[in-house]
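Biologist: I would like to learn how to read a protein model. Please take me through it one feature at a time.

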Amino acid sequence: MIITTGNEIPNQKVTKILGLVKGSTVRARNVGRDIGAAFKSIIGGEVKTYTEMTQNARDEAYNRMINQAVDLKADAIIGVRFTTSMIMQGASEMLAYGTAVKFGK
């Protein structure tokens, strides 16, 4: 399946828009990570536990989006975007979304 942030795919003609596909996950921080993050904020540098947590959340949301497109028998997902939002103190949602489409001749 082709997945792109663009709205067109070279040499492909979109013949049908199947609709919005999305995937999301909500992740919460934990005390152990927060202690390490607080220390890193003092000395500077990457907070690797948060980087890993964010990457895992992004991957999970992305895969859920793709699974919706597969269920629709889409050929591609165009206009893919990621967004995050805080759900409550210490917990946020990662959302991946795009438009599932079919190609034709």
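Biologist: Let me start with one side chain. Is R64 buried, partly exposed or exposed?

Modeller: A word first: this is a predicted model. Now the idea. Under 20% relative accessible area a residue is called buried, and over 50% exposed. R64 has 39%, so R64 is partly exposed.

Biologist: Which residue meets the side chain of R64 in a salt bridge?

Modeller: For a salt bridge, look for a nitrogen of Lys or Arg within 4 Å of a carboxyl oxygen of Asp or Glu. R64 meets E60 that way, at 2.4 Å from N to O. The two sit in helix α2, four residues apart, which means about one helical turn lies between them.

Biologist: With which other residue does E60 form a salt bridge, and how far apart are the closest N and O atoms?

Modeller: With R27, at 2.3 Å. This pair links distant parts of the chain. E60 is in helix α2, R27 is in strand β2, and 33 residues separate them.

Biologist: How accessible are E60 and R27?

Modeller: E60 has a relative accessible area of 26%, so E60 is partly exposed. R27 is partly exposed too, with 25%.

Biologist: How many salt bridges are there by this rule?

Modeller: Three. We still have to meet the one between D75 and K102, at 3.6 Å from N to O. D75 lies in the loop between α2 and β3, and K102 in strand β4, so this bridge ties together parts 27 residues apart in sequence. D75 is partly exposed, at 26%. K102 is partly exposed, also with 26%.

Biologist: Which residues do shared partners join into one network?

Modeller: R27, E60 and R64.

Biologist: Let us step back. What secondary structure does the chain have?

Modeller: Two helices and four strands. Read the order from the N terminus: β-β-α-α-β-β.

Biologist: What share of the residues counts as buried?

Modeller: 26% of the 105 residues. The chain exposes about 6900 Å², and carbon and sulfur atoms supply 54% of that.

Biologist: Which residues make up the largest nonpolar core?

Modeller: To find a core, look for buried nonpolar residues joined through their side chains. The largest one here has 12 residues, including V21, A57, I66, V80 and M94. Helix α2, strand β3 and strand β4 each supply at least two of its residues. Helix α2 gives the most, with five.

Biologist: What does a second, separate core include?

Modeller: That core has five residues, among them I9, I78, V101 and F103.

Biologist: How should I read a pair of aromatic rings?

Modeller: Such a pair is described by the distance of the centres and the angle of the planes. This structure holds one aromatic pair. The rings of Y62 and F82 have centres 6.3 Å apart and planes at 20 degrees, so they are stacked.

Biologist: Where do Y62 and F82 lie?

Modeller: Y62 is in helix α2 and F82 in strand β3, so the pair ties together parts 20 residues apart in sequence. Y62 is partly exposed, at 28%. F82 counts as partly exposed, at 36%.

Biologist: Which residues make a nonpolar surface patch?

Modeller: V26, I87 and M88, with a patch of about 310 Å². Of these, V26 lies in strand β2, residues 13-28.

Biologist: One last residue. Where is T84 found, and what does T84 touch beyond four places in sequence?

Modeller: T84 is in strand β3. Beyond four places, T84 touches E93 and M94. Its C-alpha atom is 6.1 Å from that of L95, 11 residues away along the chain.

Notes. Residues are numbered from 1 along each chain as its sequence is written. This is a predicted model: local features need pLDDT of at least 70, side-chain atom pairs count only at pLDDT 80 or more; totals for chains, interfaces and linings use all residues. Side-chain values use heavy atoms; hydrogens and water are left out. Rings of Phe, Tyr and Trp (its six-membered ring) pair if their centres lie within 6.5 Å; planes under 30 degrees apart count as stacked, over 60 as edge-to-face and the rest as tilted. Buried means under 20% relative accessible area, exposed over 50%, partly exposed in between (1.4 Å probe, protein chains only). Patches are made of residues with over 30% relative accessible area and no salt bridge: like charges are joined within 9 Å, nonpolar side chains (Val, Leu, Ile, Met, Phe, Trp, Tyr) within 5 Å. Accessible areas come from the Shrake-Rupley method with a 1.4 Å probe; for residues, only the protein chains shown count as cover. A nonpolar core is a set of buried Ala, Val, Leu, Ile, Met, Phe, Trp, Tyr and Cys residues joined through side-chain atoms within 4.5 Å. Contact means heavy atoms within 4.5 Å.
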